[in-house]
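Trainee: Could we go through this model together, from the overall fold down to single residues?

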Amino acid sequence: MSQRLNLGQRLLLINATLVVLLLTVAATVWVMMGRVVTAANRINETNVPQLQLIAELELNVTRTSLQVRHAILSRNAQELSATLADIGEKKRLLLEALKVFGEGMIDDAGRQAFAPLPALMTEFWRIGEANVKLIQEGRKEEAFAFLVDQTIPARNALLAPLAQEKRRQGERLAYRINEIESLSTLDRHIVVVGDFDCDGATAC
């Protein structure tokens, strides 16, 4: 009778241990998966959109300076008009993208990186519009010199902090991807160890 009672107690202890172990594994995996989801959401909601906006800003700033050059080289009034219209559209797109870019900065580092951009954008367009005015007045030689001496340096001054922020955002993206990979690997290890312990306890 005593042996049967001891055996019953042993089985009860094994079952209780299995339940506690399974609950612990489940809770740990739940917490880890929550962190994976959080990191993935940050990538989708912050890093990827911000990197896309940086690419859009860089592309349109560069295209604007090229369009100023194209305006200087335009062969007739129609080409000039179309080119100037495109420059105007690029301005609209750039100002909209910059606004969205600034609103997407959710931490101090991002806000500090964004801080000089509005003034640099304003200066770029102030100089660019002065360049366009020379073109419209038919002073193409002066306009080309102005492009080289003023517009392109203003463009480069705007592109420089964008390049720095692109590197920072890229590093944050890489960090979060590595975090997801590490947490996913840890989840698998926890499940494997938990399964091994359950098998071991059942075999006892």
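Trainee: What pattern does the protein chain follow when read along the sequence?

Mentor: Keep in mind that this is a predicted model. The protein chain has five helices and zero strands, and, read along the sequence, the pattern is α-α-α-α-α.

Trainee: What percentage of the contacts with a separation of 6 or more lies between residues 24 or more positions apart?

Mentor: The count takes in contacts in the protein chain whose partners have a separation of 6 or more. Within that set, residues 24 or more positions apart account for 80%.

Trainee: How are helix α2 and helix α4 oriented to each other, roughly parallel or roughly antiparallel?

Mentor: Two packed helices are described by the angle between their axes and the distance between the axes. For α2 (residues 77-103) and α4 (residues 117-136), the axes come within 12 Å and cross at roughly 175°. Angles over 145 degrees count as roughly antiparallel, and therefore α2 and α4 are roughly antiparallel.

Trainee: How many nonpolar residues are there in the contact of α2 with α4?

Mentor: On the α2 side the contact includes Leu80, Leu84, Ile87 and Phe101, which meet a set in α4 that includes Leu117, Met121, Trp125 and Ile135. Lys90 and Lys91 in α2 and Glu129 and Gln136 in α4 also belong to this contact. The residues of the contact divide into one polar, three charged and 13 nonpolar.

Trainee: Which residues does leucine 117 touch, not counting residues up to four places away in sequence?

Mentor: Not counting residues up to four places away in sequence, its partners are Leu98, Phe101, Leu158, Pro161 and Leu162.

Trainee: Is glutamine 169 buried or exposed?

Mentor: Glutamine 169 is found in helix α5 (residues 140-203). Leaving aside neighbours within four places in sequence, glutamine 169 is in contact with Asn47, Gln50, Leu51, Ile54 and Met105. Because its relative accessibility is 3%, and the cut-off is under 20%, glutamine 169 counts as buried.

Key. Residues are numbered from 1 along each chain as its sequence is written. This is a predicted model: local features need pLDDT of at least 70, side-chain atom pairs count only at pLDDT 80 or more; totals for chains, interfaces and linings use all residues. Side-chain values use heavy atoms; hydrogens and water are left out. Axes are lines fitted to C-alpha atoms, for helices over the stretch in contact, and angles run from 0 to 180 degrees between N-to-C directions. Helices (H or I, at least four residues) and strands (E, at least two) are DSSP runs, numbered from the N terminus. Angles under 35 degrees count as roughly parallel, over 145 as roughly antiparallel, 65 to 115 as roughly perpendicular and the rest as oblique. Contact means heavy atoms within 4.5 Å. Ala, Val, Leu, Ile, Met, Phe, Trp, Tyr, Cys and Pro count as nonpolar, Asp, Glu, Lys and Arg as charged, and the others, Gly among them, as polar. Buried means under 20% relative accessible area, exposed over 50%, partly exposed in between (1.4 Å probe, protein chains only).
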